[in-house]
Amino acid sequence: MILPVLLILLLVGALLPVVLRDDSRLAWRLAVVMPALASFLCVCAAGVGVLGSGESLQWRHEWVAAFDLSIGFHLNGLALMMAGLVTGIGTLIISYALGYMGGKEGTMRLCGLLYLFMFAMTGVVVSDHLLMLFIFWELTSISSYLLIGFNHESASARRCALQALVVTGLGGLALLAGFILVHQMTGTWWLSELLSGEHMVAGHPLYLGALSLVLLGAFTKSAQFPFHFWLPNAMAAPTPVSAYLHSATMVKAGVFLMLVIQPVLGGTEEWSQSLMMAGGITMVLALIFGLRQVDLKKILAATTLAVLGILTLLIGIDTKYSILAAIVFLLGHALYKATLFMTAGAVDHSTGTRDIRVLGGLRGSMPLTAAAGLLASFSMMGLPLFFGFLGKEYAYKSAVGGSWLTIGVLVIGNATMMVLAARAGVLPFMRKPMGKTPKVAHEMGWFMAIGPLILAATGLVIGCFPGIVSPIVSLAYTGIVPGAEPYHLALWHGVNLPLLLSLGTFAIGFLLMYVLKPSAVGKKVNESTFADAVYERSFKLVLLLARWCTRTLQTGHLRSYVIIIMVSSCALILWKLSRFGGWPTLENLGPVNPFVVCLLVAMTIATMFAVFAQGRLTAVVSLGVVGYGIAMLYAKYSAPDLAITQVLVETLTVVLFAWVVRWLPKYRKLSTGFQRFMDCGLAIVTGAIMTVLMLKSQSLLFGPKVSDKLAEMSYPEGYGANVVNVILVDFRALDTFGEIAVLAIAALGVWALVDSAVKKKGNK
């Protein structure tokens with residue numbers, strides 16, 4: 001059931017912008033939503049099998065056995081929960097996007113890109129092979145770049161898209177290096193084997209390197225400090241993109257990775273301290289940033305950052321209960337945050353503004369939006385009977401018994417999020433109108449309303465009856481925590497310290513709502529951060545370095561390019577031979593043949609004539625002697641076909657050069673004597689190193705020779721006694737055809753140039 005989901009998403013994403021028009025009618029809109037719904041139902045059907053058996057579903061296919069490369073997918077509890085979120089919320093987001101765009105230009109392009117991202121994100125959570133996970137991981141960065149920069153006419157959108165791509169792309173490269181180190185430490189590429197808990201590598205010499213690289217990849221994707229700056233800037237994307245990628249799915253990829261890699265890299269002080277410090281700092285900085293914002297999407301982006309920090313902190317606590325709390329918190333956040341983003345987009349779409357300083361009294365004109373926004377904001381506040389309350393409670397339970405600093409950070413963080421939740425989901429609807437909006441408020445259409453209403457109601461239902469999601473949460477928990485027992489979620493656990501902490505959070509939160517007021521209308525809001533400024537300066541420094549390298553290396557002179565290539569190649573080869581050894585010996589030379597020696601001497605003399613020639617014709621003839629000498633070497637070593645080809649090519653080349661050089665300007669020396677001396681020395685050194693490399697290659701044999709196999713196959717399969725002919729005509733038929741085409745095109749190009757030169761000469 002996994003492969004059909006991926007194929008549906010990939011094919012629909014590729015075909016939508018091509019097949020459907022932007023101004024599609026209702027039937028076509030359903031045709032867009034149905035594939036996403038089908039994918040969600042496929043995931044649910046697969047989930048029935050996973051929940052029924054209690055075991056993960058796996059599918060593997062060997063690809064390149066020699067390099068241990070395979071394709072594999074698995075669907076365990078956590079992957080099932082994430083795949084359900086990706087496809088389920090994705091279905092509602094696509095419906096919302098159709099209503100949001102309203103058939104404007106780019107509607108199908110946006111839906112196609114959303115499907116592409118859905119395909120990539122689903123691939124991340126169901127990949128069983130680490131290299132496959134990396135490929136899908138990078139595809140999420142690319143599709144996110146296209147979605148953030150959807151409004152590509154805007155310079156701001158292009159800048160923010162590039163920033164997200166650079167940060168997450170560099171993190172992805174670090175992640176690949178980390179995966180390679182994990183493979184070297186554990187001996188396996190399979191994620192399902194790593195989750196068994198049998199590959200703890202804490203004492204391995206490569207552990208710190210692998211930990212740093214993997215966390216770097218996870219932190220960049222989930223916008224953890226010091227890479228937190230790109231997520232608020234990504235709000236330049238259309239609201240459906242913000243609701244889907246940067247709240248419910250993409251930014252959770254890093255959290256997902258930290259959860260699944262915890263059995264391998266977790267359990268150490270380095271793991272706990274890194275995650276708790278990064279998560280705590282991210283949460284504090286995000287909330288400070290959020291309190292300064294007046295834009296609905298910026299406020300929600302800040303709360304997303306804060307929640308990602310809390311999730312990272314919970315994983316860093318590194319206990320069984322903290323992992324359970326992270327899973328519950330992750331699920332609750334996906335439901336209410338996607339809803340709040342969609343209601344924010346509806347408010348902007350209806351009123352023409354997202355400024356909370358002028359929004360108010362919208363519950364009368366937008367009752368459906370108000371209902372969804374209020375339910376989602378109450379869940380985000382962590383009020384009882386909402387799923388967000390369970391996430392907060394379990395977070396407090398995981399922190400009890402640990403550091404009081406951690407408990408204090410969680411309490412203050414959740415209380416501050418209550419303030420931001422009220423600003424984003426309560427004030428625009430419940431307080432009196434604060435000013436005149438650019439447009440008269442009106443309710444969103446059903447295509448936009450169905451998504452937030454379903455998600456908001458789901459958060460309320462699950463909050464009242466958490467047993468509904470207990471099986472999937474328990475399976476996700478036991479699947480990534482070795483030795484964990486199944487757990488049943490419950491709303492009431494009696495009067496205990498976590499409940500008292502929740503009551504204290506409510507008190508502090510409501511007090512902060514009264515004390516902290518949004519900035520006044522007209523007051524400028526500074527949205528830049530120190531980290532953002534550091535990125536900008538670093539990016540400009542890279543551009544300056546690139547310009548300097550371009551000016552230095554791209555001189556426009558062929559001589560400079562040849563020198564750079566020769567010096568670089570020789571330096572790398574010499575470094576390798578000096579660092580790792582392996583210099584060839586005289587034994588690699590083999591027996592000396594007098595005929596070959598005489599031929600090489602003649603070719604050397606001809607080369608010297610070409611170098612010191614005072615005219616072009618002398619140089620051409622001298623080079624022709626070298627070419628014919630090579631043909632004789634082919635003939636000597638039993639390659640008559642190559643010898644004939646070389647003679648024909650060399651003859652044609654000499655004739656053409658002799659014909660063309662008479663039209664060229666007078667022969668002049670364009671280099672100084674010192675330059676020619678240096679060129680001569682470089683040529684000698686390069687020739688010597690290439691000779692050493694060729695001698696070295698003769699002693700290397702990594703496997704059976706291809707030539708032996710081709711010789712064996714030529715007569716019984718190619719029906720030819722001439723091995724070279726069979727290879728060219730049968731085994732490499734398409735390659736030979738391509739070479740013939742290239743030669744024909746080159747001949748036409750030469751003829752066109754010569755004909756043009758002759759005509760110009762005649763006109764003169």
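What follows is a working chat about a predicted model of a protein.

Student: Before we get into details, how many helices and strands does the protein have?
Tutor: In this predicted model, the protein has 30 helices and 2 strands. Its C-alpha atoms fill a box of roughly 100 × 65 × 55 Å when that box is taken along the principal axes.

Student: And what share of the residues counts as buried?
Tutor: Of the 764 residues of the protein, 48% count as buried. As for the contacts with a separation of 6 or more, 79% of them are accounted for by residues 24 or more positions apart.

Student: OK, which residues have the most contacts inside the largest nonpolar core?
Tutor: Those are Trp230, Leu265 and Trp271, in a core that has 189 residues. Helix α14, which covers residues 320–351, gives the most to this core, with 19 residues. Apart from it lies another core, of 6 residues, and Leu599, Met603, Ala606 and Leu633 are among them.

Student: Back to Trp271, what is it in contact with beyond its sequence neighbours?
Tutor: Once the neighbours within four places in sequence are left aside, the contacts of Trp271 include Tyr207, Leu211 and Leu215, together with Met258, Ile261, Gln262, Leu265 and Gly266. Ile315, Gly316 and Asp318 are also in contact with Trp271.

Student: Then how do α8 and α12 sit, parallel or perpendicular?
Tutor: The axes of helix α8 (residues 207–221) and helix α12 (residues 269–291) come within 11 Å and cross at roughly 25 degrees, and α8 and α12 are therefore roughly parallel to each other. The crossing of these two helices, α8 and α12, is right-handed.

Student: Which residues meet there?
Tutor: From α8 there are Tyr207, Leu208, Leu211, Leu215 and Phe219, and they meet Glu270, Trp271, Ser274, Leu275 and Ala278 in α12. By type, the residues of the contact of α8 with α12 divide into 8 nonpolar, 1 polar and 1 charged.

Student: Switching to the backbone, which peptide bond is cis?
Tutor: The peptide bond from Phe225 to Pro226 is cis, with omega near 5 degrees, and Pro226 lies in the loop between α8 and α9 (230–233). As background, most peptide bonds are trans, and most residues other than glycine have a negative phi.

Student: What about phi at Ala223, positive or negative?
Tutor: Ala223 has a positive phi of about 55 degrees although it is not a glycine. Ala223 lies in the loop between α8 and α9, and Ala223 is buried, with a relative accessible area of 0%.

Student: And Asp318, what is phi there, and where is the residue?
Tutor: Asp318 is not a glycine either, yet has a positive phi of about 65 degrees, and its place is in the loop between α13 (296–317) and α14. At 18% relative accessibility, Asp318 counts as buried, because the cut-off for that is under 20%.

Student: I also want to check a couple of serines. Is Ser144 buried or exposed?
Tutor: Ser144 is buried, with a relative accessible area of 1%, and this serine is found in helix α5 (residues 130–148).

Student: How many Å separate Ser144 and Val592?
Tutor: From C-alpha to C-alpha, Ser144 and Val592 are 63 Å apart in space, and in sequence they are 448 residues apart.

Student: What does Ser377 touch?
Tutor: With residues up to four places away in sequence not counted, Ser377 touches Leu340, Ala421, Gly425 and Val426. Ser377 lies in helix α15 (residues 367–381) and is buried, with a relative accessible area of 0%.

Student: Why would α20 be called largely enclosed by the rest of the structure?
Tutor: Because 8 of the 11 residues of helix α20 (residues 470–480) are buried. The buried residues in α20 are Ser470, Ile472, Val473, Ser474, Leu475, Ala476, Tyr477 and Ile480.

Student: Last one: where is Val724, and how does it count for accessibility?
Tutor: Val724 is found in helix α29 (residues 723–731), and at 36% relative accessibility Val724 counts as partly exposed. The C-alpha atoms of Val724 and Asp641 are separated by 7.5 Å, while the two residues are 83 residues apart along the chain.

How values were computed:
Residues numbered from 1 in each chain as written. Predicted model: local features only at pLDDT ≥ 70, side-chain atom pairs only at ≥ 80, totals over all residues. Heavy atoms only, no water. Core = buried A, V, L, I, M, F, W, Y, C linked by side-chain atoms within 4.5 Å. Buried < 20%, exposed > 50% of the residue type's maximum accessible area, 1.4 Å probe, protein only. Helix = DSSP H or I, 4+ residues; strand = E, 2+ residues; numbered from the N terminus. Contact = heavy atoms within 4.5 Å. Axes fitted to C-alpha atoms, helices over the stretch in contact; angles between N-to-C directions. Parallel < 35°, antiparallel > 145°, perpendicular 65-115°, else oblique. Left-handed = near helix turned anticlockwise from the far one by under 90°. Nonpolar A, V, L, I, M, F, W, Y, C, P; charged D, E, K, R; others polar.
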